[in-house]
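Have the viewer open and follow along.

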Amino acid sequence: MASGLSKEYTWEEVTRHNKEGDLWIVIDSKVFDVSKFADLHPGGANVLYAESVAGKDATQAFFGLHRHEVLLRPQYRRLQIGVIKGQTEQIKPPQPGELSKVPYAEPTWLSSGYHSAYYSDNHRKFQTALRVFFETIVKPEAIKCEDSGKKISQEVVDKMAEANIIAMRLGPGEHLKGRTLMSGIVKPEEFDYFHEAIIHAELARVSSRAVVDGLLAGGVIGLPPILNYGSRELYEQVIPDALAGKKYVALAISEAFAGSDVSGLQTTAVRDGDFWVVTGTKKWITNGTFADYFTTGCKTETGFTVILIPRGPGVETKQIKTAYSSVAGTAFVTFDKVRVPISNTLGKVGAGMSVILSNFNHERWMVCATSVSAQRLAVEECLKWSTQRIVFGKPLNSQAVIRAKLANMISRVEACQNWFENVTYQMNQMSYSQQADKLAGPIGLLKQFISRAGRETAEDATQVFGGRALTVTGMGKYIENYHRTSGFDAILAGAEDVLGDLGVRQALKKMPRDARL
């Protein structure tokens, strides 16, 4: 702290500065001279001239109206002239990588004194490094792009690629071989789905729902079909540049006429010698506005087929305005007689359904990972707010109705976390084909459960924050954004009702013939 800011004042000195033109206040042991600032105060000067604030400790009043980050802004830091003698700052901003001490703000495997059968010390070291990276490099960009709606900067993408985060978001596999993961914290052969889950969780802690998608989620769902079903030549042409953040990939399946009905897609691919001629439209394509390649579902003469289409002549994209920020790059894509080499076919002609259905498992699991993390952050926000918000002379959480909402929120997120971890453990024990066979139903049910829990938590959190949850800035800004965008988890990667039905149908297929009451 600079020498001027370390100057000490007694309470007696502070109390003398309590009138217009000569006004001091104290927030968390820090003394601020707001004499000239009073008329510029966004809430009006009278708030600062109040008898309970002027020349007094305004800590409680401040935190009833503002987030701590306000004190850290340069224009307000300049108002600080010293500290109260004999007192020390109690409310300090968390350091990059630091775990929250708020109960239930972290999953139990990260909480002091708790244990886990799934996570190792390596997972914990990996999590710490990821949180530092996301808080210092991604978070400032996420805030900026959420507001502007612009694509994530290439500089941030390059740093993610350098740490091999783009590659790790695709899960364990051959594509990690020979790569240095997070400065060598985890070896490629040791990387598992819990490591990947940590990436998605930490990303969701610092990013809005739109930024989570804008940070190349299109590649997370569009690259696996190339990895698992593309030719070696196609792999070499696309994968290195995509994992280096030099080229972007989007999954182009959904259409305006088909929705969740993959078998009802109308985009066609007609063979013409060594080329496909593709005609049709795709809608709600994440990262589509800036994608270089589209992993596209098409109807062919012999059935549903997946084809990788590069951006080029005949390919046009238009931004779609949605309830979340355009940073996600959501697009309407038009293919007008686009000529694509037959070698760009992913898997066998007519066997595209198995390509897409197996890919859906990982996509839905990823949505579950980010959703659980976002819900947990909502719980943390509500626990903090209900503790510092004073109503009728008592903290908000002194009201039984608020505690009941908190209980429901906590119960839901813990249930989501534990089911998610169990499914993740199964993924670690299974091959890709085994996951496709055994986990499609459970993951569908899991996503339905998590997305519904998220929307219920969004409603409860809105009630806890009241009117502040309806404004895009200030105390309730996270809750406002979460309430507005939590529905995306219920729709993207498969509507929750469709997935619930999928889970039951998968179970019914395996009902034993001799099962009777």
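R412 forms a salt bridge with D460, and the closest N and O atoms sit 2.6 Å apart. (A salt bridge here is a side-chain nitrogen of Lys or Arg within 4 Å of a carboxyl oxygen of Asp or Glu.) R412 lies in helix 14 (residues 400-429) and D460 in helix 16 (residues 440-465), so the pair ties together parts that are 48 residues apart in sequence. Both R412 and D460 are buried, where buried means under 20% relative accessible area, exposed means over 50%, and partly exposed is in between (1.4 Å probe, protein chains only). Helices (H or I, at least four residues) and strands (E, at least two) are DSSP runs, numbered from the N terminus.

Before going on, a word on what you're looking at. This is a predicted model, in which local features need pLDDT of at least 70 and side-chain atom pairs count only at pLDDT 80 or more, while totals for chains, interfaces and linings use all residues. Residues are numbered from 1 along each chain as its sequence is written, and side-chain values use heavy atoms, with hydrogens and water left out.

Now for another charged pair. R209 forms a salt bridge with D489, with the closest N and O atoms 2.6 Å apart. Here R209 lies in helix 9 and D489 in helix 18 (residues 487-491), so this pair ties together parts that are 280 residues apart in sequence. R209 is buried at a relative accessible area of 11%, and D489 is buried at 4%. A search of the whole structure finds 28 salt bridges.

An α-helix has 3.6 residues a turn, so residues three or four places apart point the same way. E155 counts as exposed, at 52% relative accessibility, whereas K159 is partly exposed, with a relative accessible area of 33%.

Stay with helix 6 for a moment. Which residues of helix 6 (residues 154-162) are buried? They are V156, V157, M160 and A161. Seen down the helix axis, these buried residues fall within an arc of 140 degrees, so they line one face of helix 6; the arc is that of the directions from the helix axis to the C-beta atoms. The face turned away from that buried side carries the exposed residues E155 and E162. As for what covers the buried residues of helix 6, the list includes helix 5 (121-148), helix 7 (165-168) and helix 12 (232-243). Just after helix 6, N164 takes a positive phi of about 65 degrees.

S183 is not a glycine, yet it has a positive phi of about 60 degrees. You'll find S183 in the loop between helix 7 and helix 8 (193-206), and it is exposed, with a relative accessible area of 75%. L216 is also a residue other than glycine with a positive phi, near 65 degrees. L216 is found in the loop between helix 9 (209-214) and helix 10 (217-222), but this residue counts as buried, at 11% relative accessibility.

Next, look at G230, in the loop between helix 11 (224-229) and helix 12. G230 counts as partly exposed, at 23% relative accessibility. Leaving aside neighbours within four places in sequence, G230 is in contact (heavy atoms within 4.5 Å) with P225 and L346.

The unreviewed UniProt entry carries "domain: Cytochrome b5 heme-binding" over residues 6-85; UniProt positions are given in the numbering used here, feature names are shortened, and annotations may be inferred rather than shown by experiment. In the model, the end C-alpha atoms of residues 6-85 lie 10 Å apart, and the span is 24% helix and 24% strand.
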